[in-house]
Amino acid sequence: MLWKELDKPWVQTLLAGGLGGVILALSLQFPDTRGAMALVGDALRWPEYPAVELRRGVAELRQWTAERRELQERLEALEGENLLLRSELGGRKDPLPPDGIGAISARVTLRPPHRWWQEVRIDAGGRRGVRPGAPVLQNGFLVGRVSRVDQDEAWVDLISSAELLIPAVVEKTRDLGVMAGDGMGRTFLLYIPAERALEPRMAVSTALASEVLPPGIPLGHIALSSDVREGFRYYQLSSGADLARLYDVSVFVGENKP
Amino acid sequence: MTWVAGAFWYLQDLIQILGGGIFPVPELFFLAVFSAFVAGDESPSQALWTVFVGGLLWDLRWTGLPGFTAALWAVVMGAVAIFWQAIPVQGRHGAIFLFIAAGSHAALGGCRGLLYALSGFPIWPEILWQQIFGLPLVSIAALWLAHRKESEGVS
């Protein structure tokens, strides 16, 4: 009769609940149950190993990702700071940002012998953001200005061309003039008043007189003075760019870069 | 059915490890044993003592209160088993199972939440997540049971 009663679900429920309560009470009274916990932990060490390793791997991956993100942010901050410093320093030496920021690199692909000092062709065109009038530099010095643009190439008028006139300023004295070539490889600074005495090695750069040609691009320095004609003195310039070794140039693409 | 219950205990254990204590893992083992009982694979006593043993192991592995989960799972299993058997056979369909299983899962979560609250560490938001993640499991179990009943009816 008793066994029949014991088999009933509600009796079993009470028994199990009571047994659990007794175990709980005993475990609270006797802290030695920690040994049983350790035993279960040890027994499950290997079955749980894949999950433990997976969790560890995920945690390491998350940490690695967080560290990389932090490094990336720091790198970007440093790059920004570097660009800022370069642009501040560049007003005197190299006003252009590095390639990819506002300037692109290009190679000289053609230099017709009959127009040797007039123009060159480069392998960058409208597809890469080159626009007519854009300045072209070599080692930070102006070598010319883009005159015609195709999709993948462009023609550049050289500063030694007699057809290119560039507003220029003598940096030390702030005297304004115009730089022009003679078509024979030489460049001159024109329209400087005769009474102004400019000295050799004075730096000359572009003046603020053109929308497409930024001011402050180095041109070269004064080499020789010549005669006075009609109240103005002409100065021969020594170009900072090496027009005899013109292979690679930078083209300023500004905001128009694709 | 014991090995299936053991597999679900192991699965719950693995999820507990992977979850990393973000919130209490859904009572997968309990639901599996209850489903087996409803499917007719286990008697009420078998189901009750299966969850008791599983609960005791769970306590020794995770809660640090040996007997707490064992008693909790056993009492709730006994209650739902008695309730299920009190329902006429014709009325034991998937919706009723869903209701009882979800209710028992909520009751278990409520008891755990109460224990934590009494200890001074209320974790009610985490308990809510446990219930939310438990609902799909209950639904899957209900679908499995409905499919099984349908197959048995056809055969």
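Here are some friendly questions and answers about a predicted model of chains A and B.

In this predicted model, local features need pLDDT of at least 70 and side-chain atom pairs count only at pLDDT 80 or more, while totals for chains, interfaces and linings use all residues. Residues are numbered from 1 along each chain as its sequence is written, chains are lettered from A and ligands numbered from 1 in the order in which they are written, and side-chain values use heavy atoms, with hydrogens and water left out.

Me: How many residues does chain B bring to the contact with chain A?
Reply: Contact here means heavy atoms within 4.5 Å. Chain A supplies 27 residues. From chain B the number is 29 residues.

Me: What area do chain B and chain A bury between them?
Reply: Buried area is the accessible area (1.4 Å probe) that two parts lose on being put together, summed over both. Carbon and sulfur atoms carry 76% of it, and the total is about 2,200 Å².

Me: Which three residues supply more than any other three of the area that chain B buries against chain A?
Reply: Their share is 24% of the area that chain B buries against chain A. The three are Ile17(B), Leu60(B) and Pro66(B).

Me: Which side chains meet in a salt bridge?
Reply: The rule asks for a side-chain nitrogen of Lys or Arg within 4 Å of a carboxyl oxygen of Asp or Glu. It finds one salt bridge across the interface of chain B and chain A. At 2.8 Å, N to O, the partners are Arg61(B) and Glu48(A).

Me: Which element of chain B gives the most to the side that touches chain A?
Reply: Helices are DSSP runs (H or I, at least four residues) and strands likewise (E, at least two), numbered from the N terminus. With 10 residues on that side, the answer is helix 3 of chain B.

Me: Is Asn139(A) buried or exposed?
Reply: Asn139(A) has a positive phi, near 55°, in a residue other than glycine, and is found in the loop between strand 3 (135-138) and strand 4 (141-149) of chain A. Buried means under 20% relative accessible area, exposed over 50%, partly exposed in between (1.4 Å probe, protein chains only). At 73%, Asn139(A) is therefore exposed.

Me: Which element of chain B has the highest mean pLDDT?
Reply: pLDDT is the predictor's confidence in each residue, from 0 to 100. Chain B averages 89, and helix 6 (residues 124-154) of chain B has the lowest mean, 85. The highest, 94, belongs to helix 4 of chain B.
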